[in-house]
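Please look at the sequence and structure first.

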Amino acid sequence: MVAAFGTYFCMYAFRKPFNAGTYEGLSLWGINYKVVLIIAQVFGYMISKFIGIKVISELRAASRTQLIIGLILFAEIALLFFGWVPHPYNFIFLFMNGLPLGMIWGIVFSYLEGRRFTEVLAIGLSVSLIVSSGMLKTIYFDVREWLPAVTEFWMPFVMGLLFLPLFLLFVWMLSVIPAPSEEDMALRAPRLPMTNTDKRTVFRRYGWGLVSFIILYTFLATLRDFRDNFTVEIWNEVDPGWDKNVFTQTEAVTSIIVLAVIGSLSAIKNNFKGFWAVNGIIGAGFIITAMATFLFQKHIISPFWWMLLLGTGLFLAYMPMQIALFERLIAHFRIRANAGFFVYMCDSIGYLGSVVLMLYKEFFMKEMNWSVVLMKFTYFQAVISVLLLAAACIFFYRSAVRVRKNDLAVAAELQNA
């Protein structure tokens, strides 16, 4: 848990600190320069996810440590050039920075999946996903106070340099984790590198349900990324007197709630019941995001409570999809696959959605506040996602019934023989 938390938290030090800057007065091609930078990095991150569909699904245990260290060093070198090359030519290096980072999650999770307590072990990974961005923004502002001569363009490289030794320590911790036991494999199914035939078989059997989950995840990833990338601008609009520690406060409370829920899933031994519990949590998360936004618009709750509840609902839906949904799906249907394959299918499309929303805002909602865009998209994704979730649940329920009938038929034939 500690190794997973530390590794992914440190990865965010190479990815997220640049968006704590505002880059005021800078633009490129008529677009706010911060938007250009975010799109450049997210585009690289998105391509990384598409590459990861193959790389992570086929990754062998012996190659993990060297790969993860090489990817981070590549990302840090890109940040060095981002600081060194002047505006407006340095945005290309944030694209280069995003290219390797999208595969880090899959490598870290490959150490944890396929175990009877995967949900508990993945709590460390979950914590880092929720709190890292907020905490790193707070650290970013502290470092800028200590080193006022460091510009917004050099800060990402400095932040990465500060966290590199810790990253290497946590990767070493991951490398000495024992492999899943025989009991783990019996309860959760072995996790093997996938072949192209395995991938085709998965989509032939479960394609319609998986497509529903992928589209649903796209909305979640888009909302999460938009809220995270423009949280400084959103706070400036909804509460001009906000304190820099608010990032850590809201995400810390969110993490406690979400992790308690996710950790409790390990108490459900039956994989099919666990699968339905995960879907129930995801649906509850969508409802919380919409209700919190509605209450804030009606001035019933404060900006702090809106951002807190929005984040809680968002991560209640997002985190179980990453950590528990496909884990239980593979275990119940005994699919020859690994969770990384499914998550990277979802992530690759999800980050494409994030780029589309930012471009749409920049060209068609240029005068609209960031907070208003966030509210409108929250309502939209909540309605569509609940419908998609219902469609996926119906599909997999029918698949389970079909599998059960086949098992009973096989058992009857064996008994007659």
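Is C10 buried or exposed? C10 counts as buried, because its relative accessibility is 1%. Here buried means under 20% relative accessible area, exposed means over 50%, and partly exposed lies in between (1.4 Å probe, protein chains only).

The model is predicted: local features need pLDDT of at least 70, side-chain atom pairs count only at pLDDT 80 or more, and totals for chains, interfaces and linings use all residues. Residues are numbered from 1 along each chain as its sequence is written, and side-chain values use heavy atoms, with hydrogens and water left out.

**Confidence**

The predictor's confidence in each residue is called pLDDT and runs from 0 to 100. For the protein the mean pLDDT is 82, and 93% of its residues reach 70 or more. Among the elements, helix α3 has the highest mean pLDDT (92), and helix α9 (residues 182-188) has the lowest (71). Helices (H or I, at least four residues) and strands (E, at least two) are DSSP runs, numbered from the N terminus.

**Cysteines**

A disulfide is a pair of cysteine sulfur atoms within 2.5 Å, and the structure holds zero of them. C393 counts as buried, with 15% relative accessibility.

**Salt bridges**

A salt bridge is a side-chain nitrogen of Lys or Arg within 4 Å of a carboxyl oxygen of Asp or Glu. By this rule the count comes to two.

| Salt bridge | Closest N and O atoms |
|---|---|
| K54 and E58 | 3.2 Å |
| K199 and E58 | 2.9 Å |

K199 lies in helix α10 (residues 196-229) and E58 in the loop between α2 (33-55) and α3, so this pair ties together parts that are 141 residues apart in sequence. Salt bridges that share partners join K54, E58 and K199 into one network.

**A nonpolar patch**

On the surface, I77, L80, F81 and W84 form a nonpolar patch with about 410 Å² of accessible area together. Patches are made of residues with over 30% relative accessible area and no salt bridge; like charges are joined within 9 Å, nonpolar side chains (Val, Leu, Ile, Met, Phe, Trp, Tyr) within 5 Å. Accessible areas come from the Shrake-Rupley method with a 1.4 Å probe, and for residues only the protein chains shown count as cover. W84 is found in helix α3 (residues 64-84) and is exposed, with a relative accessible area of 60%.
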